[in-house]
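Subject: Structure for you to look through

Hello,

Here is the structure I said I would pass on. Please open it next to this message and follow along; my notes come after it.

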Amino acid sequence: MNLRFSDVRAAGEPGGHRHRKRFRQWGAPIVLLALVVSLLTACGGGEGDDEGTAIGGEANIESSDYPEVATNQTITAGVSTLQEQYADPVIANIGGNSYPIMQSVGDPLIFRNTDNTFGPGLAESWETSEDGLTWTFTLRSGVKMHDGSDFTAKDVETSVNRVLEYADDPAFVGYAAWVAQVESVKVLDDLHVEITSKTPYASLGIAAPVPIATDYYEEVGEAEFRKQPMAAGPWMFDSQILNDSMTLKRFDDYYDESRIANFETLVLKIIPDESTRVSSLQSGQIDMAMGLSPASVAQLQGSADVKLVNVPDSAIASVYLPDLWKDNGAPATDQKVREAMLMAVDRESIANSLYAGMGHVPNSLFASVAPGYDPDAEPVPYDPEQAKKLLEEAGYPDGFEIDFTTYSQTTVVPDVQKLVEAVAGYWEQIGIKVNINVLDAATYLPAVRSHSYDGAIVLGAPSLLYTDPAQYWTWFESDGAYSTVSDPELDKVFAELNQQVDPDKILPIATEIRETVDAQHYGLPMVNVDTVHAVGPNVAQWTTLKGNPYAGPFWYINAK
């Protein structure tokens with residue numbers, strides 16, 4: 001398939017004139033993690049590269065290409081799922097399908113630009129103490145929270161203490177590594193706050209929870225705040241109909257004018273069936289269809305009223321084996337069995353047939369953007385005869401039976417059910433009997449995090465997160481939110497990585513982690529996928545995050 005995608009930078013993208021002038025220069029840059037270090041000496045707007053992922057035809061969209069006030073005051077985005085449908089931007093970090101809420105409703109201390117550089121968010125600058133334990137943030141003045149209150153250091157303190165207080169709540173599991181490192185938070189004055197860690201922790205700033213409106217939180221309490229949150233993002237949560245939609249309203253007092261939309265209402269419509277998302281886009285019932293398969297892309301190709309937005313190499317779809325974490329003696333706890341399970345799958349055929357033009361075979365569980373990744377490593381070859389020999393050596397000459405559980409839909413992995421069926425078919429050919437179980441994401445993902453499944457599961461790992469290799473704790477550290485691995489020696493290496501702020505020392509540690517997880521086959525990488533979204537004629541401008549497989553964030557979006 002010969003795909004044609006718009007791949008031009010829209011006005012307002014980091015590095016563009018409108019956005020760059022909105023940020024102040026930030027001082028006293030400190031090391032964050034890995035090779036991201038070199039990116040942290042730039043302005044918050046970030047120069048980045050000139051290859052954004054935006055829409056609008058063959059030329060950049062300038063401000064004159066859409067009206068100051070749009071004719072269409074409501075834009076509806078069709079998404080496959082919003083997972084547990086959390087409205088709260090703090091707890092919406094536990095799974096990527098809920099990220100549009102976290103990224104649109106909340107605003108972080110340190111902002112991730114669309115080219116994956118980092119710069120000022122609600123913090124204008126920051127510095128660390130000589131021992132690396134205390135981060136002092138200088139906060140942006142003149143910022144309003146959604147409840148109309150002035151943003152101060154108290155809002156940072158409230159959010160940090162909330163995460164520390166509710167650390168054992170399953171809703172906050174995405175902060176497990178952060179909570180394990182953070183000791184305390186202290187307000188110095190309205191615009192200065194300190195966060196202290198137990199050991200040097202290079203990810204502290206970028207992993208911190210978004211600040212929330214203190215007065216409002218204290219007034220309504222925890223339970224009500226989760227239903228109707230107030231933070232400081234460009235969009236405010238308005239309402240939701242469970243299993244149907246979530247509605248956001250533009251926040252007119254948002255501090256960055258380049259991210260204030262020219263329309264009032266953004267509706268995230270949950271449409272699990274992809275063909276319905278596509279037909280709804282074509283009929284004008286929705287304005288954006290998120291996370292499409294090659295078949296849908298082909299169907300929309302050449303449509304005069306539809307633009308396709310391609311996010312290349314956005315995720316690695318991998319099979320993980322919960323039996324490893326449980327150490328229950330199941331066949332997959334044997335490294336030879338895991339190698340056989342990977343070698344048995346003709347991943348090239350899957351990439352070519354199921355993801356034609358939108359996928360390729362990965363050579364690692366590590367994303368290509370991650371420090372420690374080896375571009376010269378060869379993928380494990382397709383060799384079913386050798387796979388059978390490995391099973392025989394492991395004591396399973398006649399194969400075995402395994403449950404294979406998946407979500408029904410996810411933006412991260414197009415056609416995820418077909419992927420699972422294809423993998424299962426190859427396993428059957430070497431004697432592994434597979435029982436496939438399909439669940440909706442809101443049921444599946446919490447159960448994955450609570451280690452409810454045996455056998456095999458499938459998940460997509462988003463590329464954009466792994467410019468910070470410490471984020472692989474999620475998959476491979478014993479207490480990682482989605483980990484199916486319990487390896488005490490690997491935990492020690494992650495602990496060393498978390499404390500390391502010297503980029504020259506980070507790379508070999510990250511390399512050691514990558515070599516370990518690949519050699520041990522702690523996951524079975526199946527296909528590296530692109531993400532494709534489609535937008536209709538009512539959308540004039542939208543810029544995505546590089547390497548982001550999820551719907552949103554809905555920054556720099558404007559309507560006609």
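**Notes on the structure**

The model is predicted, so local features need pLDDT of at least 70 and side-chain atom pairs count only at pLDDT 80 or more, while totals for chains, interfaces and linings use all residues. Residues are numbered from 1 along each chain as its sequence is written, and side-chain values use heavy atoms, with hydrogens and water left out.

**Overall**

The protein has 17 helices and 19 strands. Helices (H or I, at least four residues) and strands (E, at least two) are DSSP runs, numbered from the N terminus. Of its 560 residues, 61% count as buried. Buried means under 20% relative accessible area, exposed means over 50%, and partly exposed is in between (1.4 Å probe, protein chains only). Among the contacts in the protein with a separation of 6 or more, 72% are between residues 24 or more positions apart. A contact means heavy atoms within 4.5 Å.

**Strand 10 and its partners**

Strand 9 (residues 245-250) pairs with strand 10 in the antiparallel sense, over 5 bridges. Strand 1 (residues 74-79) runs parallel to strand 10 and is joined to it by 6 bridges. Two strands pair if DSSP finds at least two bridges between them.

What is the order of the strands in the open sheet of 4 strands? The order is 4-5-7-6, and the pairing is antiparallel. Strand 4 (123-128) and strand 6 (182-189) are the edge strands, each pairing on one side only. On average, neighbouring strands of this sheet are turned by 20 degrees against each other, direction ignored. Axes here are lines fitted to C-alpha atoms, for helices over the stretch in contact, and angles run from 0 to 180 degrees between N-to-C directions.

Strand 4 and strand 5 (residues 134-139) run antiparallel and are joined by 5 bridges. In that pairing, S125 stands opposite T138 of strand 5. Helix 3 (residues 153-165) packs on the sheet and touches strand 5, strand 6 and strand 7 (192-197). The direction of helix 3 makes about 165 degrees with that of strand 6.

**Two helix pairs**

Helix 10 (residues 335-343) and helix 12 (residues 384-393) have axes that come within 8 Å and cross at roughly 160 degrees. The two helices are therefore roughly antiparallel to each other. Angles under 35 degrees count as roughly parallel, over 145 as roughly antiparallel, 65 to 115 as roughly perpendicular and the rest as oblique. The crossing of helix 10 and helix 12 is left-handed. A crossing is left-handed if the near helix is turned anticlockwise from the far one by less than a right angle, and right-handed if clockwise. Helix 10 makes the contact with K336, V337, E339, A340 and M343, and helix 12 with P384, Q386, A387, L390, L391 and E393. By class, this contact of helix 10 with helix 12 has 7 nonpolar, 1 polar and 3 charged residues. Ala, Val, Leu, Ile, Met, Phe, Trp, Tyr, Cys and Pro count as nonpolar, Asp, Glu, Lys and Arg as charged, and the others, Gly among them, as polar.

The axes of helix 16 (residues 488-499) and helix 17 (residues 503-519) come within 10 Å and cross at roughly 155 degrees. Helix 16 and helix 17 are therefore roughly antiparallel, and their crossing is left-handed. In helix 16, L490, V493, F494, E496 and L497 meet I506, I509, E512, I513, T516 and V517 of helix 17. The residues of this contact divide into 8 nonpolar, 1 polar and 2 charged.

**Backbone details**

Most residues other than glycine have a negative phi, and most peptide bonds are trans. D415 has a positive phi, near 55 degrees, and lies in the loop between strand 14 (401-407) and helix 13 (416-429). H451 has a positive phi near 60 degrees and sits in the loop between helix 14 (441-449) and strand 16 (456-462). G552 and P553 are joined by a cis peptide bond, with omega about 5 degrees. P553 is in the loop between strand 18 (539-541) and strand 19 (558-559).

Regards
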